[in-house]
Amino acid sequence: MQDVAGPAMPRKSLLFNGFALLWGLLCGIFFVNVPVMACPTTCHCIEKNGLTVVQCMSRNLEKIPSDLPRDTVILLLASNHITHIPNHAFKELHYLQELDLSNNDIETVDAGAFQGVSDSLLVLDLSNNRIQSVPKEAFARLRAKISLSNNPWHCECMLQEVLRELRLDPETVNEVICHTAVQEEYAGKPVIQVLDSGINFCNFHHKTTDVAMFVTMFGWFTMVIAYVIYYVRHNQEDARRHLEYLKSLPSSSQISKDFDTISTVL
């Protein structure tokens with residue numbers, strides 16, 4: 001009996017271990033492929049060192065995909081035709097650390113574009129786009145290192161206030177150039193260089209506003225003076241005509257003489 005039972009036990013043990021190994025492999029394949037199954041059809045998703053990397057580079061995309069995996073850590077959207085970053089574009093990507101939007105056609109960035117990722121995002125690349133200005137709220141509370149180089153920036157007060165709150169990439173900071181400016185003499189110069197020289201674009205803004213207010217007030221004052229002059233002249237003309245009318249009326253002495261003459265005749 002011992003000879004018969006002895007060989008049977010190892011067979012059962014091997015069979016059990018075989019099923020366990022097969023089940024483990026199936027489960028492993030299933031869980032590894034979950035992020036890939038959730039990947040947008042226009043992108044390619046991979047696992048790299050335990051991180052979900054979504055590659056959507058050079059896919060002729062005109063907008064940011066809406067069905068991105070929620071566990072995305074690195075999102076590469078460079079070299080597409082994206083023109084606009086709308087509000088809450090990445091709000092579901094709570095683990096997002098790196099976002100590359102370089103070499104697109106981005107012109108506008110909404111105030112709430114990066115809401116939801118301000119705490120997790122570490123790197124943001126917006127270089128080589130068509131951005132002239134952004135709302136101050138767009139980068140609020142972002143701790144990421146940001147690249148804004150090679151955009152046609154308009155240097156004025158709002159841009160100065162935006163840059164004051166940002167952590168710019170030190171390697172590209174000198175490539176943030178004033179394409180246009182409130183003062184033409186600063187066009188073509190690095191923004192940081194202009195600001196470091198002591199220039200305050202907000203002063204130009206206040207001066208421009210003051211001049212506009214002065215011109216407006218002067219215009220209203222001129223209109224009031226013109227109306228007063230017109231009113232006085234118009235009333236003078238009426239008074240003159242009224243005086244001439246009174247002069248044309250017969251005097252009381254003449255009327256009295258005419259009345260005496262009529263009485264005498266009667």
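A residue counts as buried when its relative accessible area is under 20%. By that rule, F90 and F114 are both buried in this predicted model. F139 is buried as well, like F114.

In soluble globular proteins, nonpolar side chains tend to be buried together.

Now look at the rings. The structure holds three aromatic pairs. One of them joins F90 and F114, stacked at 6.0 Å centre to centre with 10 degrees between the planes. F90 sits in the loop between β4 (84–85) and β5 (98–100), and F114 in the loop between β6 (108–109) and β7 (123–125), so this pair ties together parts 24 residues apart in sequence. F114 also pairs with F139: the ring centres are 5.9 Å apart and the planes at 20 degrees, so this pair is stacked. F139 lies in the loop between β7 and β8 (145–147), 25 residues from F114. F90, F114 and F139 form one aromatic cluster.

Turn next to the strands. β1 (residues 44–48) and β2 (residues 51–55) run antiparallel, joined by five bridges. K48 is bridged to L51 in β2. The two strands form a hairpin with two residues between them, and N49 in the turn has a positive phi of about 55 degrees. β2 also pairs with β3 (residues 72–76), in the parallel sense, over four bridges. There, V53 has I74 in β3 as its bridge partner.

Conventions. Residues are numbered from 1 along each chain as its sequence is written. This is a predicted model: local features need pLDDT of at least 70, side-chain atom pairs count only at pLDDT 80 or more; totals for chains, interfaces and linings use all residues. Side-chain values use heavy atoms; hydrogens and water are left out. Two strands pair if DSSP finds at least two bridges between them. Rings of Phe, Tyr and Trp (its six-membered ring) pair if their centres lie within 6.5 Å; planes under 30 degrees apart count as stacked, over 60 as edge-to-face and the rest as tilted. Buried means under 20% relative accessible area, exposed over 50%, partly exposed in between (1.4 Å probe, protein chains only).
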